[in-house]
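The sequence and the coordinates are shown first, and the description follows.

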Amino acid sequence: MTSNTQLRSPLGAALGLGAAKSGVKHWWAQRVTAVALTLLGIWFVVSLALVGSFELAAITQWIGNLCNATLLALFIAALAYHSQLGVQVVIEDYVQGALKTILIVLSNFLHVAVGALGVVSVLRIAFGVAA
Amino acid sequence: MVKSNPSLTRPLSPFMHYDKWPAMFLSILHRITGLAMTAGALLLVYWLTAAAMGAQSYARAQTVFACWPVQLILIGLAFSFCYHLLNGIRHLVWDAGKGFDLKVARASGLAVLLGAVAFAALIVAVFCMRGGAA
């Protein structure tokens, strides 16, 4: 055995990530989506306020705009991703064992499904398929 | 003369400091408003899906959004949105290693809370004037 001044095995030091395994990916993704949502969230509230009406025709026209449809789809995608990351942390903090894994997987399914439904709804309105 | 007691002078783990009113309350409020907006995202997608499915389902959604419990939820979501956004910026500043001074942290916490209430009131007022059913 060589003397080891850092509290880490040589293999651990070579791999560099320690027990967390995945490093800072989750943390960084949460920050990046946070910055995106700051901008997209403000756009969403201001833009929707400027529409001035919640009648179907006004909303359809709003989403029919290419720029609005793109930003709205991005907003939903970033929202679903950021929400998934946040809910995962909450589950990890309060639930242990097998139930923790089950809840995280369920939450991931739900976030992807709801996110996809939101984006497809926006596209359907944008492409004018809606009756 | 009080003897030095190592158990008293040793630094505590950072999470142990979250035991005072403003910091603890504001910290848990970030989590609560975040979860509230996860539920809010479901409402948003419901609204968009209803619009995508046509006039009949959209009319049904409009009656859902017009009833007072949902209106109350929407007001709560307006506050959640403002608070989580502003406090999120506060967190990003902390991530950059700034604003940790106790006085600054307390002042920014109070500013975020008051700012969230003010912006939420503005959003609710604008949407009440514009659309009726917010």
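Predicted model: local features only at pLDDT ≥ 70, side-chain atom pairs only at ≥ 80, totals over all residues.

A:I76 is placed in helix α4 of chain A. With a relative accessible area of 3%, A:I76 is buried, since the cut-off for a buried residue is under 20%.

Leaving aside neighbours within four places in sequence, A:I76 is in contact with residues of both chains. On chain A these are A:G115, A:G118, A:V119 and A:V122, and on chain B they are B:L44 and B:L48. In sequence, A:I76 and A:L37 are 39 residues apart, while in space their C-alpha atoms are separated by 9.4 Å.

Is A:Q84 buried or exposed? A:Q84 is buried, because its relative accessible area is 14% and the limit is 20%.

When residues up to four places away in sequence are not counted, A:Q84 touches A:N108 and A:H111. With A:N108 there is a polar contact between the side chains, at 2.9 Å.

## Chain A as a whole

Along the sequence the pattern reads α-α-α-α-α. Chain A has 131 residues, and 37% of them count as buried.

Among the contacts in chain A with a separation of 6 or more, 62% are between residues 24 or more positions apart. The accessible surface of chain A amounts to about 8,100 Å². Carbon and sulfur atoms account for 72% of that surface.

## The contact between the chains

The size of an interface is often expressed as the accessible area lost when the parts come together. Between chain B and chain A the buried area is about 2,800 Å², with 74% from carbon and sulfur atoms. Three residues, B:R31, B:L48 and B:F127, supply 19% of the area that chain B buries against chain A, more than any other three residues. One of them, B:L48, has already been named as a contact of A:I76.

There are 7 residue pairs in polar contact between chain B and chain A, counting pairs with both residues at pLDDT 80 or more.

## Salt bridges across the interface

Over all chains, the structure holds 2 salt bridges, and the count between chain B and chain A is likewise 2. In one of these, A:R31 is paired with B:D95, and the closest N and O atoms are 2.8 Å apart. The pair joins two chains, because A:R31 lies in helix α2 (residues 25–51) of chain A and B:D95 in helix α4 of chain B. A:R31 is buried, with a relative accessible area of 18%, whereas B:D95 counts as partly exposed at 34% relative accessibility.

A further pair crosses between chains, running from A:D93 in helix α4 of chain A to B:R31 in helix α2 of chain B. A:D93 and B:R31 form a salt bridge whose closest N and O atoms are 2.8 Å apart. A:D93 is partly exposed, with a relative accessible area of 44%, and B:R31 also counts as partly exposed, at 23% relative accessibility. B:R31 is one of the three residues named above for the area that chain B buries against chain A.

## A histidine in chain B

B:H30 is found in helix α2 of chain B. Its relative accessible area is 16%, so B:H30 is buried. Which residues does B:H30 touch, not counting those up to four places away in sequence? They are B:Y83, B:H84, B:N87, B:G88 and B:H91.

Key:
Residues numbered from 1 in each chain as written. Chains lettered and ligands numbered in written order. Heavy atoms only, no water. Helix = DSSP H or I, 4+ residues; strand = E, 2+ residues; numbered from the N terminus. Buried < 20%, exposed > 50% of the residue type's maximum accessible area, 1.4 Å probe, protein only. Contact = heavy atoms within 4.5 Å. Areas by Shrake-Rupley, 256 points an atom, 1.4 Å probe, with all protein chains shown as cover. Buried area = accessible area lost by both parts, 1.4 Å probe. Salt bridge = Lys/Arg side-chain N within 4 Å of Asp/Glu carboxyl O. Polar contact = N/O pair within 3.5 Å; in protein donor to acceptor, adjacent residues only side chain to side chain.
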